[in-house]
Structures are given as C-alpha cells and as structure tokens.
Amino acid sequence: MPWLLSSQLEHLSSSPSQRQCERTSFSFYCAVREQLPVWMLEDMRSMEVFCWEDGRPRAFLPSEALLYALVHDHQDYARYLLNRYSVSALRAPRCSFCCCHSSGSPHLNVAVRYDRVSILSMIAEALKNCDTQSERRDYLDGRGGCLHVADAEKTAVQLAVELSRPNCLLLLLVHGAQPDGLDAALQRLVSSDTTERRHAQRCFDFLLLFLPKPPALRRLQEEPQRWQSLLGNDVFSWLGGLAPPSLLLQALRCLARSGPDQITALPEFLQPHRWQ
C-alpha cells in the first residue's frame, strides 16, 4: 500500500515480517516514481522487494511493477516489462484490499486515467502476442475489476469517453476495442466546459469512425432540434437513421482503421469535426 505513510503501516500490519514487506513495497514505489534505471528497478523487484500474501512474503510480479510504471509514466521500465514478459505483464494482479484474484484490464484503465498514451501504445502492441484474437478482444473490452476500485465495471473505452481522453480512445479503437459509450460522449458534449469540449468533441468524432451502424439514441428523438443544431445535419441524419453517412465520413472511417497516425496527421480542413 504505497500511498500510506510509514507511521500508518505500523498500525495496519500484524507482524514484523509483514511490516518489512510493506516498507520494501513503499521503497519500490518511490524508486519507480524517481525514474531510477531499469536494471536497478528489476534488481529491487526480483531480489529485494516483497509483498505479503497468504501469510508469507513474495516478490513483486511484473504486472504489479507495470502498474507503478504507468502511474509514474516510467516509459523505459514499462517497455522493458512488456518486451521481457509480454502479455504475462498484463495479467490482473491480486487485489490487496479484498484478497481476490482480479479480472479485467486494470492496466488499460490506469493508462487511460493517467493519460499515458505512449505506454498504452506499448500495451496495444504487446497484445498482438495473445494466443488468439478472441483473447486479445476480451482484454481490450475487459472491465476494471473489483467493485471497490474507482473504475470498476468500466471498459477502457468507456473511461476514455468519460474523461475525454481522445488520444487514448483512438488507440484503443484502432486496435480493436468496441466503440461503446456514444451516449456518454453526447452527454460530455453538453456538460463539459469550454476547455474540455474540444476533447469531448474529438472523442465523439472518433467513436463515429468505428461504429458499424448508428445505435438507437433516445436523447436524439426527444430533442431533435437541439441535437441537430449541435451535431450538424449530416451527423444527426445518419445517427437518426434518416440518411446514409456522408462521403467524407465513409472515407475517414476507412482511413482510421489503418492506424491512429493516419487521422491525427490530417490537415485541419479534413479533421472529423468538419463533418458538421
């Protein structure tokens, strides 16, 4: 529990061995935060740092170290862990609060929450080493894990929409994540302040690029004039099932599937928001 002070650990631990594990765990957290060299961190993780589990100490897992690297944006360490351990570094670690073996995709959610686009790209590349396409898709669309976790029951795509992280969202969609969350994206368009609205607009645009067909959106039917004014005639008509997608939208959808750089490198007059 690296966010606890050493004085607090004394009251939470029941044995000297457990307290020592917590101290070494906190030291490892601080070492990653200070961006120490990869070789030094790996020496600490494999030989000096221990977690307390089932009444005995154990070494930190690569998946646990990767979470620390994500939080502190230690890109070199994240790259090493993913290259050395591949998809095994993405296994959900055991939850330290309820002692259950978590499921889902905590690394994706942490990457989105902290807006770690570079490490998220590394994770997406590592997922290509999954045994099957189904396993890869299941991970991309996995949810946050235990119910007491802040992002529980949310996919990384849903979290990216909620937090208006367009770069993270585009990476996830290009690598095969399901384009969920269009209704939430619409809500963000009207609830965000001026500074956030641009990012919310890009999230909404990126979702449109990957939707196989327009979903039924009740809010569009309830307030058609409002949404037609906000979204523009072409987008509103397509989402409402009144017209096919525009030629520009169809062209951008083909382009988006070839990689995130293809969209972000477009000149301003061809950016998705020009649909409106």
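## Aromatic pairs, core and helix packing in a predicted model

Across the whole structure, a search finds four aromatic pairs. The structure is a predicted model, and two of these pairs are described here.

| Pair | Geometry | Centre to centre | Angle between planes |
|---|---|---|---|
| Phe28 and Phe60 | edge-to-face | 5.3 Å | 65° |
| Tyr29 and Tyr68 | edge-to-face | 5.2 Å | 85° |

The pair of Phe28 and Phe60 links distant parts of the chain, 32 residues apart. Phe28 belongs to helix α2 (residues 16–33), while Phe60 is in the loop between β2 (56–59) and α4 (62–71). Phe28 and Phe60 are buried. For the tyrosine pair, Tyr29 lies in helix α2 and Tyr68 in helix α4, so parts that are 39 residues apart in sequence are tied together. Tyr29 and Tyr68 are both buried. Phe28, Tyr29, Phe60 and Tyr68 form one aromatic cluster.

Rings also take part in arrangements with arginine. Arg84 lies over the face of Tyr85, 4.9 Å from the ring centre. The charged end of Arg226 sits over the ring of Trp227, at 5.3 Å from its centre.

### Fold and core

The chain contains 17 helices and two strands. Of its 276 residues, 47% count as buried. Among contacts in the chain with a separation of 6 or more, 63% are between residues 24 or more positions apart.

The largest nonpolar core has 72 residues. Phe28, of the aromatic cluster, is one of the residues with the most contacts inside this core; the others are Tyr77, Leu169, Leu172, Phe204, Leu231 and Leu239. Helix α12 (residues 194–210) provides the largest share of the core, eight residues.

Where does Leu169 sit, and what does it touch? Leu169 is placed in helix α10 (residues 166–174). Leu169 counts as buried because its relative accessibility is 0%. Leaving aside neighbours within four places in sequence, Leu169 is in contact with Val157, Ala160, Val161, Cys203, Phe206 and Leu207. Pro179 is ten residues from Leu169 in sequence, and the C-alpha to C-alpha distance between Leu169 and Pro179 is 9.0 Å.

### The buried side of helix α8

Which residues of helix α8 (residues 133–140) are buried? They are Arg136, Tyr139 and Leu140. These residues cover an arc of only 100° around the axis, and therefore lie on the same side of α8. An α-helix has 3.6 residues a turn, so residues three or four places apart point the same way. The buried residues of α8 pack against α6 (106–113) and α10. Helix α10 is also the place of Leu169.

### Confidence along the chain

The average pLDDT of the chain is 82, and 79% of the residues score at least 70.

Terms used. Residues numbered from 1 in each chain as written. Predicted model: local features only at pLDDT ≥ 70, side-chain atom pairs only at ≥ 80, totals over all residues. Heavy atoms only, no water. Phe/Tyr/Trp six-rings, centres within 6.5 Å; stacked < 30°, edge-to-face > 60°. Helix = DSSP H or I, 4+ residues; strand = E, 2+ residues; numbered from the N terminus. Buried < 20%, exposed > 50% of the residue type's maximum accessible area, 1.4 Å probe, protein only. Lys NZ or Arg CZ within 6 Å of the ring centre and 35° of its normal. pLDDT = per-residue confidence, 0-100. Contact = heavy atoms within 4.5 Å. Arc of directions from axis to C-beta. Core = buried A, V, L, I, M, F, W, Y, C linked by side-chain atoms within 4.5 Å.
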